[in-house]
Amino acid sequence: MNELEARLASWRSVRAWLIWQQRQAERAIRALEAELAAAQARRPPPPPPEWKVESIRTGAGPKALRIHVGDCAMGKGRATGTEQVRRMLAEGVEACPYCNPDNALGMTG
């Protein structure tokens, strides 16, 4: 075998080794992705917010319609802080008749 043939054989060996390495990397990636997916499936969902504000879009921007306790299934909305909920209820935003956030805050009269 001359020098050119030896170099070609050497590079073919390198290529075969790189192909093997690539397969090993792909197997490791698949295994780690499966492990990550399983770990994420076991993770509990985040807790609901303390309060939610249900709103609609208007030409002037969003308008608050109803206030809900965070785990109320009757309304969807964005998470809101306690002080903002108190202010909105005091300004006349409707309290959900099912979860009664005004009762939970001691704001019923």
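Helices (H or I, at least four residues) and strands (E, at least two) are taken as DSSP runs, numbered from the N terminus. In the chain, these runs follow the pattern α-β-β-β-α-β-α along the sequence, which comes to three helices and four strands. The structure is a predicted model, in which local features need pLDDT of at least 70 and side-chain atom pairs count only at pLDDT 80 or more, while totals for chains, interfaces and linings use all residues. Residues are numbered from 1 along each chain as its sequence is written, and side-chain values use heavy atoms, without hydrogens and water.

The radius of gyration, taken over C-alpha atoms, is 30 Å, whereas a compact globule of 109 residues would have one near 13 Å (rule: 2.2 Å times the number of residues to the power 0.38). Along the principal axes, the C-alpha atoms fill a box of roughly 100 × 35 × 20 Å. Of the 109 residues, 17% are buried (under 20% relative accessible area, 1.4 Å probe, protein chains only). Contacts are defined by heavy atoms within 4.5 Å; among those between residues at least 6 apart in sequence, 41% join residues at least 24 apart.

With a disulfide defined as a pair of cysteine sulfur atoms within 2.5 Å, the count is zero. C72 is in no disulfide, and the nearest cysteine sulfur, that of C99, lies 3.7 Å away. The sulfur of C96 is likewise 3.7 Å from its closest cysteine sulfur, in C99, which is too far for a bond. C72 is buried at a relative accessible area of 9%, and C96 is buried at 1%.

Notes: Buried < 20%, exposed > 50% of the residue type's maximum accessible area, 1.4 Å probe, protein only.
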